[in-house]
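Subject: Structure handover

Hello,

Here is the structure for your work. Please open it alongside this message.

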Amino acid sequence: MLLFAVFARPVLAQNPSLPARRSGLEKAPLQTTQLDVTRPGDTAKVFSLQDLADLVFANHPIVKQADLLSDEARSQVLQARGGFDPKLESDFHRKQFGGTDYYNNWGNELKVPLWPGGIDLKASYDRYVGTYVNPEGRTPVNGLAGVGVSVPIGAGLLIDARRSTLRQAKAMQNAAEADRVKQINEVWLQAVKDYWTWYYSVQQAALIQEGVALADRRFQGTARRAQIGDQAPIDSVEAQITVQDRQVQAAQLDVDLLNARLVLSNHLWTKDGKPAELPTYAVPQAPVLDTVSRAELQRLTEFAASQHPTMRKLEAKLSQLNIEERYRREMLKPKVNLSGVLLSQGNFYRSEVPSYYNFGMDNYKVGVDFAFPLFLRAERGKLQYTRIQVKETTLERQQSQRTIVTRVNSVYNTLRAYEQQLALQAQTIANQRLLLQAELQKFELGESTIFLINARETKLIDLRIKQESLRANYEKSRAELYYYAGTRSVENTR
């Protein structure tokens with residue numbers, strides 16, 4: 001930013017310091033670039049919104065943290081799949097005392113859970129020998145092998161705890177993905193807002209600095225005219241007051257610009273996870289000001305009603321509760337488990353073993369387990385509670401859907417209002433330029449004053465600052481429109 005000597009030295013309004021005499025007269029009071037519609041920019045130093053998106057989505061810690069939500073959900077699914085892992089169990093106990101072998105027990109079992117029907121396949125090898133082993137469990141010296149199955153024919157046949165847990169974990173994986181998208185969208189929305197705040201600070205500071213330069217040149221020219229008696233000295237005082245007033249504004253705006261740059265830098269990180277700073281030579285891109293069509297609004301509304309992260313999360317929660325409700329209904333059935341095991345002597349693989357010791361329908365173990373709570377109060381209470389949660393979530397989904405759609409339409413109306421204001425503001429600026437030009441011409445004819453020229457020029461600067469404010473707010477609202485629809489205004493591969 002430019003710093004001017006007039007701003008650095010105190011000048012008394014009653015006794016303005018005048019520049020040295022120069023030959024000839026300059027028309028400095030008539031010079032103003034505020035009549036220019038546009039100013040050239042250095043595109044080589046532009047830090048675009050897409051550049052910001054590339055850095056935010058690649059290196060921002062919150063974005064990386066959001067990615068962990070999906071990893072966490074996948075770990076929950078993996079944990080739930082553990083309910084279907086084959087399980088190998090073995091135990092060995094032996095007692096010998098006083099020369100007597102009381103017991104020598106060795107039991108082994110391999111259980112393989114299956115998805116359909118809650119069935120468990122079992123393979124076992126037991127060897128229970130000794131003087132005091134229970135005859136019911138005693139086995140041949142070579143042990144006893146078994147192959148069997150356990151089948152629930154009551155509660156647990158259609159769905160059991162492990163299938164319910166796995167299905168709910170998969171449903172919550174969608175909820176975690178929705179949370180991930182929501183967190184990333186929130187980070188991006190804040191980054192976009194800070195970007196356009198920085199843009200507005202840059203434009204505001206540039207316009208005021210331009211105003212300082214214009215006022216200073218006008219003061220210099222007016223002072224020279226006053227020295228040679230061509231203009232009243234009080235006019236130079238008027239011109240200098242304008243310089244000082246704009247310098248005060250420029251000093252404050254320099255601080256605002258520095259703070260805006262620091263705030264935007266909060267979103268910038270290196271690949272190594274170290275904070276990055278926005279270079280001082282970087283400038284923002286010009287606003288695109290793309291008009292959002294009715295067709296685009298319709299697309300965003302439909303997307304928000306079904307694919308918004310909040311809606312996806314509620315859908316996942318509702319799916320989880322439906323699985324839980326189905327499981328709780330299943331638990332109202334009596335628990336009846338059938339088990340059967342075909343038996344064989346432990347060395348069944350040897351050919352000399354008699355056939356009646358091999359696996360067959362004559363060597364088996366069967367069992368039936370039955371359990372049924374007479375009042376079912378615990379199961380009925382859990383089912384009732386789950387159904388209440390389903391109703392609550394359904395109502396919440398209905399209200400959330402309407403709120404989201406309403407918010408999208410509300411922001412769209414704000415965008416349309418900004419478009420109208422920008423159009424009117426452009427006309428107002430054009431008219432103000434005509435007034436300033438006419439005032440300059442009147443000054444040439446001796447029919448105007450420095451005060452009126454400064455007033456016209458200050459008004460034009462204010463109008464242009466307001467125009468930049470409207471542009472920045474338009475872009476912020478445009479980002480909000482996509483955010484409330486559940487997506488992002490800058491498309492990215494993530």
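Below is what turned up, taken by topic. One point before the rest: this is a predicted model.

Start with the second largest pocket. It holds about 450 Å³ of space. Its lining counts 28 residues. Closest to the centre are Glu109, Ser124, Asp126, Val341 and Lys365.

Which strands build the lining? At least two residues each come from E2 (87-97), E3 (100-113), E4 (120-129), E5 (144-152), E7 (335-345) and E8 (364-371). E5 gives the largest share, with 7 residues. By residue type, the lining has 9 nonpolar, 11 polar and 8 charged residues.

Helix H4

H4 covers residues 161-227, which is 67 residues. At 1.5 Å a residue, that length should span 99 Å. Most of H4 is covered: 49 of its 67 residues are buried. After H4 comes glycine 229, with a positive phi near 80 degrees.

Salt bridges

How many salt bridges are there? The count comes to 22.

Aspartate 67 and arginine 180 form a salt bridge at 3.1 Å, N to O. Aspartate 67 belongs to helix H3 (residues 61-81) and arginine 180 to helix H4, so this pair ties together parts 113 residues apart in sequence. Is each partner buried or partly exposed? Aspartate 67 has a relative accessible area of 23%, so it is partly exposed. Arginine 180 is at 13%, so it counts as buried. The cut-off for buried is under 20%.

Arginine 397 and glutamate 315 also meet in a salt bridge, at 2.9 Å, N to O. Arginine 397 lies in helix H8 (residues 377-444) and glutamate 315 in helix H7 (residues 309-330), so the pair joins parts 82 residues apart in sequence. Arginine 397 is partly exposed, at 22% relative accessible area. Glutamate 315 is partly exposed as well, at 36%.

Lysine 87 and glutamate 89 make another salt bridge, at 3.4 Å, N to O. Lysine 87 is partly exposed at 45% relative accessibility. Glutamate 89 is partly exposed at 39%.

Last, the network: salt bridges link Asp120, Asp160, Arg162 and Arg163.

Best regards

Note on methods:
Residues numbered from 1 in each chain as written. Predicted model: local features only at pLDDT ≥ 70, side-chain atom pairs only at ≥ 80, totals over all residues. Heavy atoms only, no water. 1 Å grid on protein atoms, 1.4 Å probe; cavity = no way out; pocket = protein on both sides within 12 Å on 5 of 7 lines; lining within 4 Å. Points joined across faces, edges and corners; volume = space filled by probe spheres on them. Helix = DSSP H or I, 4+ residues; strand = E, 2+ residues; numbered from the N terminus. Nonpolar A, V, L, I, M, F, W, Y, C, P; charged D, E, K, R; others polar. Expected span 1.5 Å × (residues − 1). Buried < 20%, exposed > 50% of the residue type's maximum accessible area, 1.4 Å probe, protein only. Salt bridge = Lys/Arg side-chain N within 4 Å of Asp/Glu carboxyl O.
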